[in-house]
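Dear colleague,

I am passing on the structure we spoke about, with notes on what turned up in it. Please read the notes with the model open beside them.

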Amino acid sequence: MNRWMPFEWIAAIRFLKEGRLQTMFIVSGIAIGVAVIVFMSAMLAGLQANFIKRVLTSQPQIQLLAPDEVARPLRRGAKEVDASIIQRPTQRILSIDQWPKIRDQMLAMPEVTVVSPTVSGSALAVRGEASRAITITGMDPVVYFKIVRLPDYIVAGEARVTSDDIIVGTELAKDLGASVGDKLNVEAASSASRVLTITGIVDLGSKGANSRNTYVALRTAQSLLNLIGGVTTIDLTVQDIYAAETLAQEIQASIPVEADSWIKTNAQFFTAVHAQQTTNTLIRVFVGLSVAFGIAAVLAVSVIQRSKDIGILRAMGTSRGQILRVFLIQGGLLGLLGSVFGSAMGAAALVFWHNYARQVDGSELFPLILDRALFIASAVLATVTGVAAAITPALRAANLDPVVAIRG
Amino acid sequence: MAEEILALDKVCKAYNVGTLVETEVLHDIDLVMRRSEFLALMGPSGSGKSTLLNIIGLLDRPTSGHLYINGQDTSALGESELTRLRSHSIGFVFQYHYLISAFTALENVMMPMLVDQGFPTPAVEGRAANLMEQVGLTSVINNLALNMSGGQQQRVAVARALAMNPDLVLADEPTGNLDTKSADGVFELLRQVNQQNGTTFLIVTHNMDLARRCDRIIELVDGRIHAAGKA
Ligand SMILES: Nc1ncnc2c1ncn2[C@@H]1O[C@H](COP(=O)(O)OP(=O)(O)OP(=O)(O)O)[C@@H](O)[C@H]1O
Ligand SMILES: [Mg+2]
């Protein structure tokens with residue numbers, strides 16, 4: 001016996017040890033439940049972290065655009081023309097009104113970290129016989145690269161954009177049979193055209209983006225798109241990415257621009273995460289309940305099996321409180337033990353699945369996040385569940401009539 | 001004259017009180033035990049011996065009447081006070097030894113002290129080892145409770161009953177489940193403890209030979225003390 005261990009703990013541990021098979025079964029049951037929760041939670045957290053990291057290094061967190069042009073109904077005198085069809089006007093590429101002023105306002109906001117005015121529009125990339133529709137983004141690399149980490153995505157060449165340079169996606173380069181150093185003829189709808197040299201090829205992580213997106217210097221895009229001195233969007237990054245939507249709404253309310261946050265643009269993702277979290281919570285609750293009932297059942301049987309022991313302990317002066325604690329501790333220990341094994345199992349499954357399940361290109365499906373807080377939380381929760389589940393059987397043990405227990 | 005360790009005053013015990021099958025099994029029991037007495041309680045099966053022992057041992061309460069231990073009236077005591085008094089003043093030995101199987105022989109002997117003090121201190125372990133020696137069981141000290149013969153288990157139970165150095169040891173047919181030789185040995189052990197330590201014993205037995213070797217015999221018949229006196 002451990003000298004520093006109080007009677008209740010000694011008895012609880014001995015009783016669990018003696019009921020080896022029961023203890024083993026219930027601990028395995030709890031462990032499996034905990035393992036499922038740990039595995040699911042960690043994988044979900046990993047996928048989420050992966051996505052957010054991706055978004056944060058390849059998209060602005062808030063984008064300011066010129067407000068939509070609105071169609072006004074035809075009027076004759078004070079009355080609307082009967083049966084007139086109000087058609088949304090085709091959206092021309094418009095510059096944001098007074099954008100340098102807005103840029104300065106943005107720079108003055110403490111919540112905003114990077115401000116990058118950009119120009120984007122459609123064009124045609126032609127090389128020899130081949131031509132492809134592209135989106136050109138004109139920007140100032142010094143600030144823009146802080147928002148979209150193009151240099152990180154370079155697979156060939158370098159992320160350099162002087163006035164005659166262009167960075168293209170891997171798909172486009174393949175479609176046009178072009179590589180670094182080759183020249184492209186870029187023709188805009190305004191029938192302006194420029195010959196640009198490919199300085200870098202990037203992999204943006206999606207086939208669509210890789211076949212459409214191209215990046216040029218701000219002035220180059222302005223002249224191609226016939227928007228000299230103008231910008232179509234102002235891209236922002238902010239301090240607190242989760243406050244982006246509120247901030248976007250504030251901006252939109254005070255400045256005549258349309259402000260879209262990454263949260264709004266990726267609403268689908270958040271809906272999915274939310275649904276997943278709800279499912280996750282439900283699973284946790286039900287696993288918790290079945291763990292609780294399992295522990296309660298095992299302890300209830302144990303109280304009956306041990307009624308003679310309890311009777312004799314009471315006869316030798318053990319108080320009801322002490323008996324109560326012996327069984328509460330057993331419940332807590334079962335929960336704790338189960339969660340320790342369960343966490344180990346869950347972590348092992350994560351490591352295995354992380355190595356086994358790969359994306360098509362061989363990169364990891366989700367980052368391996370073994371968050372200590374998750375393990376601590378599941379241990380604490382399982383222990384508390386165990387103690388709570390033990391309450392009824394422990395009360396029963398404490399209230400056992402020693403006379404009956406000994407005679408029986 | 002030796003002091004009174006135990007006194008019963010008109011103790012009655014009824015079961016199923018207030019129901020149709022209410023039965024009184026003990027009627028107006030008066031009994032006094034003096035310190036160091038070694039008393040045999042006899043009587044036919046169902047006469048109420050175990051019921052009486054449980055009441056004296058504070059495991060059960062009388063329906064009416066008073067029970068004094070060391071002059072203290074126990075009827076006014078609450079649950080936790082009774083538990084405490086039981087822990088410090090009374091030791092039990094039961095027919096079926098009832099050691100706790102999850103513990104070794106030595107640990108079983110330590111148990112009453114452990115329960116009382118909360119921790120298995122070296123003093124507790126030392127006293128338990130001494131008791132094991134006193135009952136002649138040094139060799140099986142670390143055996144699990146069930147890995148011993150019936151006689152050995154009952155000796156451990158005796159050592160355990162003595163652990164808190166109680167004033168009174170209550171033994172309910174301590175030898176009833178043993179062969180003659182072991183029974184004799186255990187009885188001798190009790191007698192020896194009684195003589196050496198001056199511990200008071202109340203022993204329920206069906207064995208007339210053993211009863212004759214006690215200081216006094218009380219006979220219980222149908223819940224009444226039938227005859228009392230020196231054997
Ligand atoms: N919990 C109870 N409810 C109802 N009747 C009981 C209860 N406990 C004991 N009795 C009855 O009380 C009477 C005395 O029982 P007790 O066990 O005290 O007898 P005993 O003298 O110890 O018998 P034995 O020699 O067989 O051990 C018996 O008739 C028994 O049936
Ligand atoms: Mg009996």
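**Contacts between the chains, and the ligand**

B:E79 forms a salt bridge with A:R320, with 3.2 Å between the closest N and O atoms; a salt bridge here is a side-chain nitrogen of Lys or Arg within 4 Å of a carboxyl oxygen of Asp or Glu. Side chains of opposite charge can pair when their charged atoms come close. Before going further, please note that this is a predicted model, in which local features need pLDDT of at least 70 and side-chain atom pairs count only at pLDDT 80 or more, while totals for chains, interfaces and linings use all residues. Residues are numbered from 1 along each chain as its sequence is written, chains are lettered from A and ligands numbered from 1 in the order in which they are written, and side-chain values use heavy atoms, with hydrogens and water left out.

Between chain B and chain A there are four salt bridges, and 13 residue pairs are in polar contact, both residues being at pLDDT 80 or more (a polar contact is a pair of N or O atoms within 3.5 Å; within protein, one must be able to donate a hydrogen and the other to accept it, and residues adjacent in sequence count only if both atoms are side-chain atoms). On the side of chain B that touches chain A, the elements giving two or more residues are α2 (79-89), α3 (105-117) and α4 (122-134) of chain B, and α3(B) gives the most, with six residues; helices are DSSP runs of H or I with at least four residues, numbered from the N terminus.

Taken as a whole, the interface brings 28 residues of chain B into contact with 28 residues of chain A, where contact means heavy atoms within 4.5 Å. The two chains bury about 2500 Å² between them, 65% of it on carbon and sulfur atoms; buried area is the accessible area (1.4 Å probe) that two parts lose on being put together, summed over both.

Ligand 1 lies between chains A and B, and of the 13 residues around ligand 1, B:S45, B:G46, B:K49, B:S50 and B:T51 come nearest, a residue being near if one of its heavy atoms lies within 4 Å. An oxygen atom of ligand 1 is 2.8 Å from a backbone N or O atom of B:G46, and a polar backbone atom of B:G48 lies 3.0 Å from an oxygen atom of the ligand. A nitrogen atom of ligand 1 is 3.4 Å from an N or O atom in the side chain of B:Y15.

With best wishes
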